[in-house]
Amino acid sequence: MGALPGDPQAGANLCAGVRGMPYRWGHIGERPGAWRGPGMVTQQSYRDAMARLGAAVSVITTDGPAGRGGFTASAVCSVTDDPPTLLVCMNRGTDLNAMFKANGVLCVNVLSAAQQRLSPLFGGLVPADMETRFSAAAWHALATGAPALDGAVVSFDCRIAQITEVGTHSVFFCEIAALQSGAAHEGLIYFGRAYHRIAGMG
Ligand SMILES: Cc1cc2nc3c(=O)[nH]c(=O)nc-3n(C[C@H](O)[C@H](O)[C@H](O)COP(=O)(O)O)c2cc1C
């Protein structure tokens with residue numbers, strides 16, 4: 001989309017878009033709530049926009065020489081199926097970050113709707129030490145020893161193959177060592193800063 005007449009951004013933030021068509025950074029139309037220009041995209045406007053990107057909720061766990069720990073995450077994404085790899089983004093400002101790196105393994109446990117209470121518990125929104133958090137559910141080991149959650153929609157047991165630090169977060173690229181699908185019929189999505197149940201698993 002080209003620059004609009006009278007637009008103070010006209011010509012300033014143009015770059016090559018799809019098939020060479022120029023577009024403006026962040027342009028989403030002349031509507032309230034549209035953020036235009038790189039300087040206009042603040043941390044808060046980015047967070048508000050990401051709140052509109054629904055995502056599954058997982059409890060990411062680890063166990064090993066550095067100890068046992070877990071945290072809630074929505075920043076989980078598939079990377080490639082050859083080798084089967086996913087990524088997890090983890091805040092670097094927590095003590096757990098070093099534990100995950102030292103253990104070198106993690107398990108992504110995708111929560112079912114019935115397991116929603118584990119999200120605030122492992123998300124640090126309910127005051128509880130790690131033992132109390134883990135005692136709220138039953139766990140078992142798959143291939144790596146990282147705790148796999150009984151009844152999770154699915155568990156991805158992983159070895160951390162690569163780590164990239166980006167801003168405030170570590171991006172863990174994780175190779176899948178074992179998989180386990182559960183019998184849950186309802187999934188859990190975090191969207192608009194609220195939890196939503198989704199049906200659909202037969
Ligand atoms: C729904 C939800 C999603 C979250 N997603 C992430 C995430 O993707 N990555 C991350 O580092 N932290 C995420 N967090 C925050 C961490 O779970 C939290 O900061 C972490 O558990 C530290 O809290 P603690 O120090 O009390 O353990 C999320 C929290 C919630 C409730």
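I began with strands β4 (residues 58-62) and β8 (residues 105-110), which run antiparallel and are joined by four bridges. Strands here are DSSP runs of E with at least two residues, helices are runs of H or I with at least four, and both are numbered from the N terminus. Two strands count as paired if DSSP finds at least two bridges between them. Within this pair I looked up Val-59 and found Asn-109 of β8 as its bridge partner.

I noted the basis of the entries: the model is predicted, local features need pLDDT of at least 70, side-chain atom pairs count only at pLDDT 80 or more, and totals for chains, interfaces and linings use all residues. Residues are numbered from 1 along each chain as its sequence is written.

I then traced the sheet. Seven strands form an open sheet in the order β5-β4-β8-β11-β12-β7-β6, with antiparallel pairing. Its edge strands, β5 (69-73) and β6 (76-81), each pair on one side only. The twist from one strand to the next averages 30°, where axes are lines fitted to C-alpha atoms (for helices over the stretch in contact) and angles between N-to-C directions run from 0 to 180 degrees.

Next I examined the surroundings of the ligand. Of the 17 residues around the ligand, the nearest are Phe-71, Ala-73, Ala-75, Gly-123 and Gly-124; a residue is near if its C-beta atom, placed from the backbone, lies within 6 Å. I found that β5, β7 (84-91) and α3 (118-122) each contribute at least two residues to this shell. By class, the shell holds 10 nonpolar residues, seven polar and no charged. Ala, Val, Leu, Ile, Met, Phe, Trp, Tyr, Cys and Pro count as nonpolar, Asp, Glu, Lys and Arg as charged, and the others, Gly among them, as polar.

I turned to three loops. Thr-144 lies between β9 (139-141) and β10 (147-149). Thr-144 is buried because it has 22 C-beta neighbours inside 10 Å; the cut-offs are 20 or more other C-beta atoms for buried, 12 or fewer for exposed, and partly exposed in between. Beyond its neighbours within four places in sequence, Thr-144 contacts Val-105, Asp-157, Cys-158, Arg-159 and Ala-177, contact being C-beta atoms, placed from the backbone, within 7 Å. Gly-64, 80 residues away in sequence, lies 9.0 Å from Thr-144, C-alpha to C-alpha.

In the loop between β6 and β7 I located Pro-83. The peptide bond from Asp-82 to Pro-83 is cis, with omega near 0°.

Arg-193 is in the loop between β13 (186-191) and β14 (194-199). I recorded its phi near 60°, a positive value in a residue other than glycine. Arg-193 counts as exposed because it has 9 C-beta neighbours inside 10 Å.

Technical notes. Contact = placed C-beta atoms within 7 Å.
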